[in-house]
Amino acid sequence: MKKGYKQLVEEANAQIKTYSVAEAQAKLADPNVQFIDVRDIRELEREGIIPGAFHAPRGMIEFWIDPDSPYFKPVFGEQKEFILFCAAGWRSALTTKTVQDMGLENVAHIDGGFGAWKAAGAPTAVKEKKV
């Protein structure tokens, strides 16, 4: 293997903006900031969510942010800062690097992801399961 996940995450972290939980939490009520949850729907239902976060699964993010894609989501066309997170901060680091490379400006991610957010006692909510 030429590069393992650890090296990929390390390289991504060297090129992206990372917020601590406290820094991200301070931006939670800012109308110019949109939190983006890249976890799988089952993780949201099992672990909870950050109130107001937009769910954009990692497997679809490139298609959802590209205005030329038939899957484009208008939230990504807004002039906001996007703060991505996953469970531990690995997927969100890689995703932040990818969307930054695609040209999405003003992006960052949360160090330690939702796990660190929850451990710090930051606000969470329950994600209702679809029936």
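This is a predicted model: local features need pLDDT of at least 70, side-chain atom pairs count only at pLDDT 80 or more; totals for chains, interfaces and linings use all residues.
Trainee: Which residues form one aromatic cluster?
Mentor: Phe-54, Trp-64, Phe-76 and Phe-82 do. Rings of Phe, Tyr and Trp (its six-membered ring) pair if their centres lie within 6.5 Å; planes under 30 degrees apart count as stacked, over 60 as edge-to-face and the rest as tilted.

Trainee: What lies over the face of Trp-64?
Mentor: Lys-73, at 4.7 Å from the ring centre. The test for a charge over a ring is NZ of Lys or CZ of Arg within 6 Å of the ring centre and within 35 degrees of the ring normal.

Trainee: And what charged end sits over the ring of Phe-114?
Mentor: That of Arg-39, 4.2 Å from the ring centre.

Trainee: How many aromatic pairs does the structure hold?
Mentor: Seven. In one of them, Phe-35 and Trp-117 are edge-to-face, because their ring centres are 5.9 Å apart and their planes are at 65°. Phe-35 is in strand β2 and Trp-117 in helix α6 (residues 113-119), 82 residues apart. Helices (H or I, at least four residues) and strands (E, at least two) are DSSP runs, numbered from the N terminus.

Trainee: Is Trp-117 buried or exposed?
Mentor: Buried, at 0% relative accessibility. Phe-35 is buried too, at 3%. Buried means under 20% relative accessible area, exposed over 50%, partly exposed in between (1.4 Å probe, protein chains only).

Trainee: What about Phe-85 and Phe-114?
Mentor: They are stacked, with 6.3 Å centre to centre and 25° between the planes. Phe-85 is in strand β4 and Phe-114 in helix α6, so the pair ties together parts 29 residues apart in sequence.

Trainee: Switching to packing. How many residues has the largest nonpolar core?
Mentor: It has 14. Ile-36, Ile-61, Phe-76, Phe-82 and Leu-104 have the most contacts inside it. α4 (61-65) and β4 (81-85) each supply at least two of its residues. The largest share, three residues, comes from α4. Apart from it lies another core, of 13 residues, including Ile-83, Phe-85, Phe-114 and Trp-117. A nonpolar core is a set of buried Ala, Val, Leu, Ile, Met, Phe, Trp, Tyr and Cys residues joined through side-chain atoms within 4.5 Å.

Trainee: What does Leu-104 touch?
Mentor: Ile-65, Phe-76, Phe-82 and Val-99, leaving out residues up to four places away in sequence. Contact means heavy atoms within 4.5 Å.

Trainee: Where does Val-75 lie?
Mentor: In the loop between α4 and β4. Val-75 is buried, with a relative accessible area of 12%. Val-75 touches Gln-34, Phe-54 and Phe-82, again not counting residues up to four places away in sequence.

Trainee: Next, charges. How many salt bridges are there in the whole structure?
Mentor: Ten. The criterion is a side-chain nitrogen of Lys or Arg within 4 Å of a carboxyl oxygen of Asp or Glu. Lys-27 and Glu-81 meet in one, at 3.1 Å, N to O. Lys-27 is in the loop between α2 (21-25) and β2 (33-37), Glu-81 is in strand β4, and they are 54 residues apart.

Trainee: Is Glu-81 buried or exposed?
Mentor: Buried, with a relative accessible area of 6%. Lys-27 is partly exposed, at 23%.

Trainee: Which side chain meets Lys-80 in a salt bridge?
Mentor: Glu-78, at 3.3 Å, N to O. Elsewhere, salt bridges that share partners join Lys-17, Lys-27 and Glu-81 into one network.

Trainee: Last one. Where does Thr-95 lie?
Mentor: In helix α5 (residues 90-102). Thr-95 counts as buried, at 0% relative accessibility.

Trainee: With which side chain does Thr-95 make a polar contact?
Mentor: That of Arg-58, at 3.4 Å. Also, the backbone oxygen of Arg-91 lies 2.7 Å from a polar atom of the Thr-95 side chain. A polar contact is a pair of N or O atoms within 3.5 Å; within protein, one must be able to donate a hydrogen and the other to accept it, and residues adjacent in sequence count only if both atoms are side-chain atoms.

Methods. Residues are numbered from 1 along each chain as its sequence is written. Side-chain values use heavy atoms; hydrogens and water are left out.
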